[in-house]
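Welcome, and please take a look at the structure below. A short tour of a few of its local features follows.

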Amino acid sequence: MVLSQHRSRHRAKPSSIVALNFTAKCRNECSLNVFDEKAGRCLPAAGNKKRHIMKYALLVHQSQNCFDRRNDKAAIAAGTAYGEALQAAGVFIGGAGLESPQAATTVSVRDGKRQVHDGPYAETKEFLAGFAIIDVPNLDAALEWAARHPAAGYASVEVRPLLGSHFVVGGNKPS
Amino acid sequence: MSESATHATIEAVARKSYGRLIAYIAARSGDVAAAEDALSDAIAAALERWPVDGVPEKPEACLLHAARNRIIDAARHHQVRQNAETFLRQIAEEAQSVAVTQDQFPDERLKLLFVCAHPAIDPAVRTPLMLQTVLGVEPARIASAFLVSPIAMSQRLVRAKTKIREATIPFRVPEPPEWNERLTFVLDAIYSAYTTGWESLMEVSSTHHALSGDAIAIGRTLVQLMPAEPEALGLLALMLHCEARRAARFKDHGEFVPLDQQDTSRWSQSMIDEAEEHLRAAAAFQCMGRYQLEAAIQSIHASRAPDGRIDWPEIALLYEGLVKIAPSIGSLVGRAVAIAQAGRPAAGLAALDKIPANRVTNYQPFWAARGHLLQLLNQKDEARKAFTRAASLADDPALREYLFKRSANTI
């Protein structure tokens with residue numbers, strides 16, 4: 001009896017995607033803007049065909065233990081390499097690591113009164129430690145990038161579609 | 001054509017084409033729920049118009065054409081997601097062209113199956129989702145087979161469809177390296193529909209029984225869509241082999257009959273023949289997998305000699321392969337029994353006892369197998385206890401009665 005692996009079709013390469021950025025106002029008028037990485041803002045896309053795009057947040061949840069090791073040389077190198085890969089693929093919209101939840105301050109307004117308290121919204125064993133916003137065509141592509149995240153190997157990466165797929169970058173006013 | 005005949009025609013067209021129409025529309029919009037809405041509107045309109053105007057020449061294409069109107073409405077009035085309008089208009093145009101030309105519209109059901117069994121979909125809802133979208137099975141019937149309330153089942157289905165739309169789960173057939181794992185999800189979801197209809201031994205007319213038929217229908221569709229996939233062939237062969245024995249599993253007054261005592265004249269020879277044909281076709285690819293191995297085991301049972309002799313050493317060998325690629329609790333128990341039946345009961349019992357205790361606490365087949373093996377080894381007290389425990393875990397009355405009887409007869 002032959003027990004063998006089958007199929008050796010080539011793995012689909014993630015297509016290189018131009019980072020598109022548009023806002024609620026412009027979406028119905030075909031006026032897509034191209035996110036210019038150098039300029040750090042959106043440029044109007046003349047003659048750009050309207051196309052389906054999707055944005056996802058990759059949310060890294062990890063324990064204090066993992067969080068404490070974020071400044072290890074290897075962790076920094078892996079994080080940098082991942083960021084560069086996202087940029088090279090043209091899918092990176094934005095992202096950052098977050099300071100410890102102890103540095104958090106939580107604000108709410110009730111009955112017109114501002115309430116401020118020290119600490120994160122919820123004290124949990126695992127907490128949000130960083131995020132990236134990526135622009136890829138669908139969930140499968142987003143899951144592929146999430147799996148490549150260095151933290152996926154020891155923590156968890158939650159993949160959430162952005163509401164309406166908008167992400168506004170500072171200074172990016174729809175023209 | 002009389003009105004009732006027209007209704008029957010519409011129903012037949014809808015049933016035959018339901019999955020294809022849903023898949024075609026949803027693959028373009030990414031929205032299964034909207035596709036269902038559009039199609040159900042189209043069917044409702046057909047039920048109104050066709051008895052008056054007569055059944056059209058291309059009923060399938062006409063349903064698609066009618067669905068187009070609803071799709072355009074959705075594009076115009078609904079809170080349409082970004083860019084969705086383009087897609088909706090594209091569908092509308094394609095629907096129009098399919099309706100007026102001789103072309104068949106493309107079959108996108110394979111993509112739909114991969115979406116239903118996507119790893120981002122809750123495993124518990126994958127099978128119900130397939131049954132509903134591919135075959136158009138009523139949620140109430142699915143709910144009764146899965147032993148949940150119709151409301152709870154509907155909520156789960158709605159949640160899954162919302163996830164497909166909002167997370168943009170792509171309608172695509174995956175490629176390596178994802179291929180093997182993703183195909184396994186599809187096969188497992190189909191097999192789960194089958195076993196949900198099979199494990200319960202209730203009366204033949206129950207919803208459970210109908211679900212087995214549905215599972216086989218999806219299995220056939222899968223084979224039709226990917227004729228060169230040995231595991232899809234293996235799964236269909238496995239389901240057909242099991243289904244072939246349905247009538248022999250009970251005596252006329254409902255008494256449970258174990259496989260080795262079944263009256264083979266009550267087996268469906270045509271289903272067995274079909275299963276064997278699929279299994280041979282699968283073997284030609286020389287690429288063994290879980291479902292082919294399980295089907296091969298059933299194939300040996302099906303070809304047992306008229307005097308009841310079964311080639312247990314061959315079955316034991318197949319189980320060795322099976323536990324290597326799919327060490328499920330069921331295959332580990334099956335392997336132990338095969339070893340014992342092949343003439344080594346002590347080795348079989350040892351294999352059984354090696355299965356981690358926490359995995360078998362509530363697993364009825366383990367305790368039935370243990371009772372059987374202890375009986376072979378003449379350890380009667382222990383055998384009785386094991387049969388009693390198995391009986392207490394059985395959820396089917398006929399099986400429970402059988403197991404209690406085995407316990408009582410171990411003297």
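A:Val116 is partly exposed, at 48% relative accessible area; buried means under 20%, exposed over 50% and partly exposed in between, with a 1.4 Å probe and protein chains only. You will find A:Val116 in strand E7 (residues 113–118) of chain A. Together with A:Val107 and A:Val109, A:Val116 forms a nonpolar surface patch with about 260 Å² of accessible area.

A word on the source: this is a predicted model, where local features need pLDDT of at least 70 and side-chain atom pairs count only at pLDDT 80 or more, while totals for chains, interfaces and linings use all residues. Residues are numbered from 1 along each chain as its sequence is written, chains are lettered from A and ligands numbered from 1 in the order in which they are written, and side-chain values use heavy atoms, leaving out hydrogens and water.

Now to the backbone of chain B. Most residues other than glycine have a negative phi, and most peptide bonds are trans.

| Residue | Phi | Relative accessible area |
|---|---|---|
| B:Leu147 | near 60° | 70%, exposed |
| B:Thr168 | about 55° | 10%, buried |

B:Leu147 sits in the loop between helix H7 (139–145) and H8 of chain B, and B:Thr168 in the loop between H8 and H9 of chain B. B:Pro177 lies in the loop between helix H8 (150–166) and helix H9 (179–198) of chain B, and a cis peptide bond with omega of about 5° joins B:Pro176 to B:Pro177.

How values were computed. Patch = residues over 30% accessible without salt bridge, like charges linked within 9 Å, V, L, I, M, F, W, Y side chains within 5 Å. Areas by Shrake-Rupley, 256 points an atom, 1.4 Å probe, with all protein chains shown as cover. Salt bridge = Lys/Arg side-chain N within 4 Å of Asp/Glu carboxyl O. Helix = DSSP H or I, 4+ residues; strand = E, 2+ residues; numbered from the N terminus.
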